[in-house]
Amino acid sequence: MNLILLGAPGAGKGTQAEMICEKRNIPAISTGNIIREALKNGTELGLKAKSFMDSGALVPDEVVIAIIKERLAQDDCKNGFILDGFPRTVPQAEALDKMGVRIDKVIDIEVADEKIELRLSGRRVCEKCGASYHVLYKPSVNDTDCAKCDGKLIIRKDDQPETIRERLKVYHDQTEPLKDYYEKTGKLTVVEGQEEVADTTKLTFAALEA
């Protein structure tokens with residue numbers, strides 16, 4: 001099964017991608033990861049992406065799409081794949097179609113903005129060992145120190161309230177239109193994100209079987 005996972009930052013796409021990956025034995029492909037992999041391996045496309053990143057510019061669609069195409073041609077994608085974080089825009093979805101990539105299902109995980117803000121702004125990360133906590137869902141012994149190594153807990157820039165609001169705005173402006181795009185093809189299924197991860201997973205797998 002060739003699958004796309006949609007959803008705002010913090011909606012839980014990455015977690016659900018891992019669950020599907022485990023159960024279905026198909027790779028979860030995150031744009032960020034494959035660009036990092038291409039950079040690390042020094043591929044021609046990786047070096048092209050690096051030249052944009054070094055100048056602080058966004059990697060253009062044609063380079064991202066070429067890197068995705070290269071990745072989807074690998075053996076482990078023969079029985080299917082999960083795209084997490086791609087496409088981000090309607091032009092990217094159109095490019096994917098032009099490439100001849102068959103998509104069987106698109107699952108959109110819906111979580112209200114205020115819940116996402118609560119989820120993300122409550123995250124804390126240990127600056128020493130990288131362990132992650134949440135002030136509500138997974139607190140440390142206290143709010144300032146890591147329970148594993150006594151390192152200081154910090155709020156990442158991505159988890160600052162103003163950054164979260166900006167990321168959500170970009171998502172609503174640029175990525176949300178994909179719901180209409182895929183709804184027209186009859187491939188879109190909406191899953192309401194639940195408080196418990198296991199409950200969202202149950203709904204996601206039900207959507208896959210439908």
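**Strand pairing and cysteines**

Guide: Arg-123 has His-134, in β6, as its bridge partner. The model is a predicted one, in which local features need pLDDT of at least 70, side-chain atom pairs count only at pLDDT 80 or more, and totals for chains, interfaces and linings use all residues. Residues are numbered from 1 along each chain as its sequence is written, and side-chain values use heavy atoms, with hydrogens and water left out.

Strands here are DSSP runs of E with at least two residues, numbered from the N terminus, and two strands pair if DSSP finds at least two bridges between them. Strand β5 (residues 123-126) and strand β6 (residues 132-134) run antiparallel and are joined by three bridges. Their hairpin has five residues between the strands, and there Gly-130 adopts a positive phi near 80°. Strand β5 also runs antiparallel to strand β7 (residues 153-154), with two bridges between them; in this pairing Val-125 lies opposite Ile-154.

As for the cysteines, a disulfide is counted when a pair of cysteine sulfur atoms lies within 2.5 Å. The count by this rule is zero disulfides. Cys-77 is in no disulfide, and its nearest cysteine sulfur, that of Cys-21, is 10 Å away. Cys-77 is buried (under 20% relative accessible area, where exposed is over 50% and partly exposed in between, with a 1.4 Å probe and protein chains only), at a relative accessible area of 6%. The closest cysteine sulfur to that of Cys-146 belongs to Cys-129, and because the distance is 3.8 Å, the two are too far apart for a bond. Cys-146 is likewise buried, at 1% relative accessibility.

Definitions and conventions: Helix = DSSP H or I, 4+ residues; strand = E, 2+ residues; numbered from the N terminus.
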